[in-house]
Protein chains: 2
Amino acid sequence: MADSELPTRPKPEETGAPAAPAAEGDSKSASKNAAKKAAKEKAKAEKAAARAAQEKAQAAAQEANDTAKHLYGKLPESDDVNPTTRFTDFTDEEKEVTVVARVDNARVQSAKLAFLMLRQQGQKIQAVIAAAEPISRQMIKFTGGLNVNSIVQVTGLIKKPEIPISSATIQHLEIHIHKVYMISEAAQMLPMQVKDAERPPPVETADDAPQVDSEGAPIVTLKTRLDNRVLDLQTETSQAITWISSGVAQLFSEYMIKSGSRWIFTPKLVGAATEGGSNVFEVKYFKRTGYLAQSPQLYKQMCIAGDMENVFEIAPVFRAEDSNTHRHLTEFAGLDFEKTFDHHYHEVLEFAEDLLVFILSQLKERYAAQIATIQKSYPKAGDFKLPKHGKALRLNYMDGVALLKEAGVDMSEQERFENDFSTAMEKQLGQIIRDKYDTDFYVLDKFPMAVRPFYTKADPSDARFSNSYDFFMRGEEIMSGAQRINDITELEESMRSKGLDPTQEGFEDYLNAFRQGCPPHAGGGLGMNRIVMFFLGLPNVRLASLFPRDPQRLRP
Amino acid sequence: MADSELPTRPKPEETGAPAAPAAEGDSKSASKNAAKKAAKEKAKAEKAAARAAQEKAQAAAQEANDTAKHLYGKLPESDDVNPTTRFTDFTDEEKEVTVVARVDNARVQSAKLAFLMLRQQGQKIQAVIAAAEPISRQMIKFTGGLNVNSIVQVTGLIKKPEIPISSATIQHLEIHIHKVYMISEAAQMLPMQVKDAERPPPVETADDAPQVDSEGAPIVTLKTRLDNRVLDLQTETSQAITWISSGVAQLFSEYMIKSGSRWIFTPKLVGAATEGGSNVFEVKYFKRTGYLAQSPQLYKQMCIAGDMENVFEIAPVFRAEDSNTHRHLTEFAGLDFEKTFDHHYHEVLEFAEDLLVFILSQLKERYAAQIATIQKSYPKAGDFKLPKHGKALRLNYMDGVALLKEAGVDMSEQERFENDFSTAMEKQLGQIIRDKYDTDFYVLDKFPMAVRPFYTKADPSDARFSNSYDFFMRGEEIMSGAQRINDITELEESMRSKGLDPTQEGFEDYLNAFRQGCPPHAGGGLGMNRIVMFFLGLPNVRLASLFPRDPQRLRP
């Protein structure tokens, strides 16, 4: 029953699958009409059973002549289990190995020869099968006819091919097949081919865009890849990108833990939309309305007020922003930290700068192989410039304004203090800084107070500015942070000056935390997906998210 | 403006606080009435200014006579910054230190003597101030009159007290105060005292429960503590519990990363309520309805189908279950993993057993001090029994049934295969196993198929059972896991047999993942808060959550 699509192979006794729905339907029919229908179905079933018996008999006759019948087909149950080897563990030594891999391609060359391209997490190796006792023509037909993307267990001899296999990633070795068993069969028709998804998606995805490239290969749009993300994840490039994402989270937590920071889990279900009402998702919370936290900001500050001193969180962040750009998601992985300091918020700023230098330099060191793979599709992946001598470049916001002015981009007095850089200005500044300072990562400090949230501490020496900073990679923002106001009176004043009402429902618990005394502190929030995107120079943040969410996309 | 509650201390020039709202209102008034009102307010403001000037003059006169005026009050701005020391770094050596700490208690003994109890993350040390040149009576009054919970910077000499200070946690040392400056002042009235929250909450919280204990100290209910969680977090016990939570997450990720697992971030916003419609939170997602993921189950399996082989996630899990028990939350931290295997799902089960043994044994090793602290309030915290020889005890579900039967708890044939243990039975079984096998952690394998979700693989040797397991600590479940069905036909059959329709919207992407071929795999999901709760023997899971969420509670 379970393997009904593979009628020539033995029936699985072990699946424990219930009887077919048709049979179940029979027993439940009561009325005359239903009985009639059942009789019809019974006749149909009998006919099908007769045909199946016939096919089985034919198959049995074929099998009887098949010298290789134990060497292919369904994976046999056996206590004699072969340990499996990974492609990446292969050596040049000629020896028999057993591998589990996807069929990336299967092709029958002749009645006596077939080829498989096998794939393991994006790595590809060729396997060949040739008719020679005991390998039968039936086995060659089976092997060459395997559905693409099926998972098979292959046992064979590793050998050097006469000429390197240019279409494989492991080109100097091939497998000479002795056995090939089906582990999980893929459907004959797939919505896209993994190998077609190996090439980067076109930047334009207009409806009238060409469907094939100059060599006639299908062009797989970003939409198609994301609609079929499970297949897309199987590409060499996606495998490498997901390792980089994993690496960013790992390196962040490693640095934080080493610094004595405590891992926190703050609630995502909150009672009030305290951080700007329009961009918040509403949740039906039993008989009332709840909201999804837009950041852990207020809660991590409450942890600081709760004497936790140095905390970090790795958790989803939700933004109900109707932004359909290359760098916005409605849900992304946030890497947040908050920390007390002794004398000056630059203690925390330096801590955060060193964090980023650690993450970015360790990515280069630990994930060099993955970066090289991604570079084949996205050439910028390998060229991210780290600051020299392991220390971040820190400029003030007004230094950025001056650099742009030198380059001919002048901001009016009002723009300087009440706006902020536009995305285009940010990118241009990124290029200017790369040219001048030879780094793709830098920090701008002292942003105008007018563009920062209410909890930001004003610069004590010039209230037009604030003790706040943004981090940039390739001219795009990856982190926002600041010293926070820790005095209740100052905090309430700041709220009022931003048009917020401190007595509004939802602020009570937050403000009480300051009424009970709170040490000076600063912190920041990083977007993990953006770090991955800008580090690798990917054209779209969706490529740096497993299952991206945007205003249009809520699946898969 | 910022320090208006501290009129005797200098005005902060550096706060950058905007002008008072009243003044802003003036400039905007246009009509006659408004002008009249403004004039009135102006007169009022002038009167207030005159009074403030008078107070300032008085304070200045007092200050002129104060030999210690530079040694206390508001923290002075200075480039000559003292490095601060933590209580835990104190040695017996008599030397001057500077500390930043909370005032746990302040008391004036006489005009010439005052005491502070200082607190740092729950650790307490006594500080004493005595009048002796240059320390003035004003300084003693200031010190002894500090609001409880204020954060101060104290410089003084560490000395041995004549008799140990029994009310402190560091009893053999005290600080002789030279300087004391305010960093963050707490309000005079707090909703509860941190020291009252040090004692465990009463189990019963009925309205007519006593308000004070036998010694006259206020009884702080769990509700009061959670309503004022920021204060509650400052207790020695909460500090230690939050370290244990942090430790569980850290140890989980450490083990996973060491095993070559990839850290994943799956979406919490999902398009369909695929895991049981009634317990899912609904979200307004732009113009349609979304849901909050009840687990990453379907997504982590899709990652496996996407060839990621070994993945883990640390993320919030949302359950719209109207359960008001000691162990249910509507949002909790989930520790999830999913992994392929070569030959048998027990490869993954053993991997998970070793994970738990690693976490629990390392908690004991790395957090011994925190456990000892928690034990003062919750005596079971230190007595969790680990399995001998570092290997988990694994029994089958039916072994559990038999152990209960021996103890007089018999389940009918139907109960055995269609129900599962009740919570009471689970607890009893936990006690039986503790007595018999001397362990508080164990695993039950082979649960009845009828009680497990549709994606669970049936036991090939007996379809009444399944290849699924639960993990228990002190007789309460902390993890559920299983081998998953990886064959599309078998999966669809299983869905239908559980009354689910595979063609229902929302299952499409999940089922397609199997149509494209998926390797055999197994996994599990742990509740972090429950691990903390049961490891420490806490009476309520809310004590093991920073800001707990339940059907009644959506704040703080």
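Analyst: Start with the rule for aromatic rings: rings of Phe, Tyr and Trp, the last by its six-membered ring, pair if their centres lie within 6.5 Å. In this predicted model, one aromatic cluster is formed by A:Phe252, A:Trp263, A:Phe265, A:Phe312, B:Phe252, B:Trp263, B:Phe265 and B:Phe312. Over all chains the structure holds 49 aromatic pairs.

User: How are the planes of B:Phe252 and B:Phe312 set, and what is that kind of pair called?

Analyst: Planes over 60 degrees apart count as edge-to-face. The planes of B:Phe252 and B:Phe312 stand at 75 degrees, with the ring centres 5.9 Å apart, so this pair is edge-to-face. B:Phe252 belongs to helix 6 (residues 236-258) of chain B and B:Phe312 to strand 11 (residues 310-318), so the pair ties together parts 60 residues apart in sequence.

User: Are B:Phe252 and B:Phe312 buried or exposed?

Analyst: Both B:Phe252 and B:Phe312 are buried.

User: What kind of pair do A:Phe454 and A:Phe507 make?

Analyst: Their planes are at 85 degrees and their centres 5.7 Å apart, so A:Phe454 and A:Phe507 are also an edge-to-face pair. A:Phe454 sits in the loop between strand 14 (441-445) and strand 15 (468-473) of chain A, and A:Phe507 in the loop between helix 13 (488-497) and helix 14 (508-515), 53 residues apart. Both A:Phe454 and A:Phe507 are buried.

User: How is the size of an interface given?

Analyst: Often as the accessible area lost when the parts come together. Here about 9,200 Å² is buried between chain B and chain A, and carbon and sulfur atoms give 59% of that. B:Arg262, B:Gln516 and B:Leu554 supply 8% of the area that chain B buries against chain A, more than any other three residues. The contact takes 108 residues from chain B and 111 residues from chain A.

User: How many salt bridges does the rule find across the interface?

Analyst: Eight salt bridges are found between chain B and chain A. B:Arg119 and A:Asp307 meet through their side chains in a salt bridge, at 3.7 Å from N to O.

Definitions and conventions
Residues are numbered from 1 along each chain as its sequence is written. Chains are lettered from A and ligands numbered from 1 in the order in which they are written. This is a predicted model: local features need pLDDT of at least 70, side-chain atom pairs count only at pLDDT 80 or more; totals for chains, interfaces and linings use all residues. Side-chain values use heavy atoms; hydrogens and water are left out. Rings of Phe, Tyr and Trp (its six-membered ring) pair if their centres lie within 6.5 Å; planes under 30 degrees apart count as stacked, over 60 as edge-to-face and the rest as tilted. Helices (H or I, at least four residues) and strands (E, at least two) are DSSP runs, numbered from the N terminus. Buried means under 20% relative accessible area, exposed over 50%, partly exposed in between (1.4 Å probe, protein chains only). Contact means heavy atoms within 4.5 Å. Buried area is the accessible area (1.4 Å probe) that two parts lose on being put together, summed over both. A salt bridge is a side-chain nitrogen of Lys or Arg within 4 Å of a carboxyl oxygen of Asp or Glu.
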